[in-house]
Amino acid sequence: MTSTLDPPAPESTSPSPRSRLTLAALAVACSLVAVQQTLVIPLLPNLMREFDTSVATVTWVFTASLLAGAVATPLLSRFGDMYGKKPLILMTLGTLLAGSVLCALATSLGVLFAGRAVQGVSVALFPLAIGVIRDVLPPARIMSAIGFVSATMGIGGTLGMLITGLLAASTSHHAPVFWVAAGLSALCIALVAFGVPSGGVGHGGRPDYPGAVLTALMLLCLLLAISQGNAWGWTSGRVLGLFAASAVLCVCWTLTELRVPEPLVRLSLLVGPKSLSANLMSLLLGFSMYSSFTLISNLVQTPKSMGYGLGGSVLDVGLYSLPSTVTMFYASTYSGRLAARTGPAFALAIGSLPAGGSYLWLALSNSHGFDFLAYGALQGVGFGIAYAALGTLAVEHVPMSQSGIASGVNSLVRTAGGAVAGAVVAAILTGGGAVTTLDDYVLCFFIVAGAAWLAGAVALFHGIRHRH
């Protein structure tokens, strides 16, 4: 007979087959969401020719997805906390499937924008997945599981460009890329339906629709002003009016979130003592990561007759992303142990060093294929560690009942950073004159490197301030 004085048996840390299946299903789903975000980037030059439009306009094929994701993420994260997360995960995958079909059938840029916006709703899947991990996995495995799933976002981003490159080698039309995305979405729905348990408790409440509308309008005004600044003039009435409208909407949104009984975004999760620094890191890393996708795709495909660039194909863009995919995978598997030893903030600070260094490499040397391979390897190491640590930082300080919305707010900020990145890069590349120069790219690389290192500095400060 067991004595009441006997110590309790230690909790098993070995994963069960069921938990392995759950983690695999969530990782595949998050990777697919990241794939849809970047699979259009290598296609942007082809889309410019197909629809006879400018760089600033076609960039919205990428930005529309991020904007929709920024709006949907906190709302659906809140729904996940209220009603349970698995149904919301299946719904987001359903929007990814529907948006992919709409994009595949699109014969105009407007329809393509709409399809990409529908696809973008799926970005809300990531914080929902983090919530499921906290709900159903044993505590000893939560940090490593969150780190692994977080890193799959970066891995999926590079895989998206590789998939597009392989398809573009046989056709120049955009439809096959989206049909593949639709097929993968259908398979992923089946995997999640079978592999993810319905565990977790819904906590009830009411959705904040006014907050969601104000968020959408605020981001739309801001991104439209940034993306059209060069075309309309930075001091023109339209651009200044959009910036002013964004500021006014931000004030209205803040007042709304303070007054409604159950706000879309609790300001304590946005600007609280621990949340503010975690969200600032997310903003900077999102800006840095998404900027690189557009820059690398454009630079690799720039004809050598311009005096720079590699004159490569869409397939080359994907192939040059392979080192990043490989090193990011291995770095993410090590990140959990590094975070357990140093703390997630210090792990993120460590990861930011090679991430920023990869952009510095291209700013200084970018004329050979080797430069892009070395950049990819360094970037994968940096973001593999940093993204894995960021997923833990977003939720470690909040109660279980708020894990979905806390991760959702952090994901919203990262997505907003990516949306701003697309607009800023387009503004710089089209702002120096009719022809984009190598100096424009170098300036972008220095800015992006600075953003990655600044995220590391914030992480270092956070780790020191909240050491205990």
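**Reading a predicted model: core, surface, loop and helix**

Visitor: In this predicted model, which residues does Phe 445 touch, not counting those up to four places away in sequence?

Guide: Leaving out those sequence neighbours, Phe 445 touches Leu 295, Ile 296, Leu 299, Tyr 359, Leu 362 and Ala 363. Phe 445 also belongs to the largest nonpolar core, which has 131 residues, and within that core Leu 112, Ile 133, Leu 348 and Phe 445 touch the most other members. The element that gives the most to this core is helix 13 (residues 275-301), with 12 residues.

Visitor: Is helix 7 mostly covered or mostly open, and how many of its 12 residues are buried?

Guide: Helix 7 is mostly covered, as 10 of its 12 residues are buried, including Phe 126, Ile 130, Ile 133 and also Arg 134. For its length, one takes 1.5 Å a residue, so helix 7 (residues 125-136) should span 16 Å, and its end C-alpha atoms, 16 Å apart, agree with this.

Visitor: Which residues make the nonpolar surface patch of about 170 Å²?

Guide: The patch is made by Leu 102, Val 111 and Val 118. Leu 102, which lies in helix 5 (residues 85-105), counts as partly exposed because its relative accessibility is 32%, a value between the limits of 20% and 50%.

Visitor: What should I make of the phi of Asp 52?

Guide: As a general idea, most residues other than glycine have a negative phi. Asp 52, although not a glycine, has a positive phi of about 50°; its place is in the loop between helix 2 (44-51) and helix 3 (55-58), and at 71% relative accessibility Asp 52 counts as exposed.

Notes:
Residues are numbered from 1 along each chain as its sequence is written. This is a predicted model: local features need pLDDT of at least 70, side-chain atom pairs count only at pLDDT 80 or more; totals for chains, interfaces and linings use all residues. Side-chain values use heavy atoms; hydrogens and water are left out. A nonpolar core is a set of buried Ala, Val, Leu, Ile, Met, Phe, Trp, Tyr and Cys residues joined through side-chain atoms within 4.5 Å. Buried means under 20% relative accessible area, exposed over 50%, partly exposed in between (1.4 Å probe, protein chains only). Helices (H or I, at least four residues) and strands (E, at least two) are DSSP runs, numbered from the N terminus. Contact means heavy atoms within 4.5 Å. Patches are made of residues with over 30% relative accessible area and no salt bridge: like charges are joined within 9 Å, nonpolar side chains (Val, Leu, Ile, Met, Phe, Trp, Tyr) within 5 Å. Accessible areas come from the Shrake-Rupley method with a 1.4 Å probe; for residues, only the protein chains shown count as cover. A salt bridge is a side-chain nitrogen of Lys or Arg within 4 Å of a carboxyl oxygen of Asp or Glu. The expected span of a helix is 1.5 Å times one less than its number of residues.
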